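I opened this entry to note what I looked up in one model. The points follow in the order I checked them.

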Amino acid sequence: MTKKLLMIVNVDWFFLSHRLPIALGAIEAGYEVHIATGITNCLQEMQSYGLRVHPIILTRGDTSVAKTLILGAQILKLLSTLKPDILHLVTIKPVLIGGILARLCRTPSVVSAISGLGFTFTDKSTKANLIKRLVSYLYQQAFGHKNLQVIVQNSNDLVTLQKITKLPEQRFTLLPGSGIDLKKFYPQPYPTGKPIVMLASRMLMSKGVQEFVEAARYLSQEKEVDARFVLVGSPDPYNPTSLTEEQLIHWQQESIIEWWGHRTDMAATINEAHIIVLPSSYGEGLPKVLIEAAACGRPIVTTNIPGCRDAIEANVTGFLVPVKDVDALAAAMESLILDPQQRASMGQAGRQRAEAYFAIEDIVAAHLRIYSEMYRSANLTTQAPKL
């Protein structure tokens with residue numbers, strides 16, 4: 001009998017960029033794969049892979065009770081009608097709501113993938129602490145399934161979630177991000193001309209875009225460093241920390257940065273750069289752009305926070321700087337701009353690290369092992385004789 005996998009993800013483009021190889025690996029392994037996600041413009045592409053897509057209304061950044069109830073009703077209907085053997089939940093809303101509903105529906109197996117704990121667990125403000133208490137309680141409820149496996153992307157999240165939920169160590173699996181296709185992302189010669197320092201992400205304050213621009217302003221105007229500073233990515237209107245197009249255009253008109261907008265071919269884009277920067281202040285899982293940069297042999301400057309620091313080997317494949325420290329960020333960027341030999345050696349070490357830890361084949365294989373073990377565990381429990 002065909003095993004049925006249901007994956008619930010917040011939005012279609014995130015599924016395609018971060019989870020598609022896992023879904024395709026499951027199809028190849030004989031699973032009937034269903035994807036429930038918010039749809040932007042990727043429905044036909046998802047269906048072209050043989051995926052059974054279920055559009056849901058999931059508004060990122062909206063925590064209203066009404067929207068939460070609507071999402072819960074949609075997930076409840078999917079669980080009741082599809083009756084998946086394995087439920088794979090990705091991103092915070094599906095993890096929390098789906099995890100609780102899976103217990104009510106007696107779904108046999110649940111995989112909860114944590115793509116970073118967010119600012120709530122790094123911010124020390126009173127408001128963040130109150131939210132942290134609520135979210136911690138919800139995690140305890142969502143992780144109460146008897147046949148559960150939690151996938152985390154960095155060791156800090158592993159320790160934090162173990163402490164919150166008091167679950168045994170065997171309920172957790174540490175996997176280094178979403179993996180990378182090392183045949184697609186590989187080092188190409190550095191471009192000629194001025195060194196290009198690139199920040200590639202959604203254009204969010206929480207990704208450190210403001211600090212990057214300030215560091216670029218200081219280096220180009222105060223220290224007269226001869227380099228190009230580039231932003232790649234689009235604003236995200238569903239994120240409260242999103243920058244506006246007007247602000248990005250203003251910075252470009254001031255000749256502080258170049259804004260290249262959204263790019264689809266990230267392998268080619270990263271290889272246009274000499275240095276990749278991500279000065280995030282957000283609790284990341286394991287930022288994909290940083291492992292893409294490592295695979296392309298580009299040195300990295302990023303912040304010393306969970307997820308970001310796990311993506312590099314400090315002072316070997318790149319530099320770590322304190323969060324929101326423009327001076328330290330500028331100094332690290334300047335060091336790499338002025339030292340081509342250091343860029344080359346860090347980039348080479350990054351490629352070696354990517355080959356050792358981030359290959360997509362290893363990540364897919366690890367997920368398939370988890371699915372297989374959970375399916376077997378669920379069936380053993382179901383078939384066990386009652387005493």
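I took contact to mean heavy atoms within 4.5 Å. The model is predicted, so I kept local features at pLDDT of at least 70 and side-chain atom pairs at pLDDT 80 or more, while totals for chains, interfaces and linings use all residues. Residues are numbered from 1 along each chain as its sequence is written, and side-chain values use heavy atoms, with hydrogens and water left out.

**Entry 1: Phe143 and the cores**

Which residues does Phe143 touch, leaving aside its neighbours within four places in sequence? I listed Val95, Ser112, Ile114, Leu148, Val150, Leu161, Thr165, Leu167 and Arg171.

I then looked up the nonpolar cores, each a set of buried Ala, Val, Leu, Ile, Met, Phe, Trp, Tyr and Cys residues joined through side-chain atoms within 4.5 Å. Buried means under 20% relative accessible area, exposed over 50%, and partly exposed in between, with a 1.4 Å probe and protein chains only. The largest nonpolar core has 33 residues, and Ile114, Tyr139, Phe143 and Leu161 have the most contacts inside it. At least two residues of this core come from each of strand 1 (3–11), helix 4 (65–82), strand 4 (86–90), helix 5, strand 5 (109–114), helix 6, strand 6 (148–152) and helix 7 (155–165). The element numbers count DSSP runs from the N terminus, with helices (H or I) of at least four residues and strands (E) of at least two. A second, separate core has 32 residues, including Leu243 and Phe319.

**Entry 2: helix pairs**

Axes are lines fitted to C-alpha atoms, for helices over the stretch in contact, and angles run from 0 to 180 degrees between N-to-C directions.

The axes of helix 5 (residues 92–105) and helix 6 (residues 126–142) come within 8 Å and cross at roughly 45°, so the two helices are oblique to each other. On the helix 5 side I found Ile92, Val95, Leu96, Gly99, Ile100 and Arg103, which meet Leu138, Tyr139, Gln141 and Ala142 in helix 6.

Helix 12 (residues 326–338) and helix 13 (residues 340–357) pack at an angle of about 100°, with axes 5 Å apart, which makes helix 12 roughly perpendicular to helix 13. Ser335, Leu336, Ile337 and Leu338 of helix 12 make this contact with Pro340, Gln342, Arg343 and Met346 of helix 13.

**Entry 3: backbone and burial**

Is Thr91 buried or exposed? Thr91 is buried, at a relative accessible area of 12%. Thr91 sits in the loop between strand 4 and helix 5 and has a positive phi of about 80° although it is not a glycine. Arg106, in the loop between helix 5 and strand 5, also is not a glycine and has a positive phi of about 55°. Arg106 is exposed, with a relative accessible area of 75%.

Ala23 lies in helix 2 (residues 20–28) and is buried at 0% relative accessibility. Beyond its neighbours within four places in sequence, Ala23 is in contact with Phe15, Val33, Ile35 and Leu51.

**Entry 4: helix 11**

Eight of the eight residues of helix 11 (residues 288–295) are buried, so this helix is largely enclosed by the rest of the structure. Lys288 and Glu292 are among the buried residues. The buried residues of helix 11 pack against helix 1 (12–18), strand 8 (196–200), helix 10 (266–270), strand 11 (275–278), strand 12 (300–303) and helix 13.

Conventions. Angles under 35 degrees count as roughly parallel, over 145 as roughly antiparallel, 65 to 115 as roughly perpendicular and the rest as oblique.
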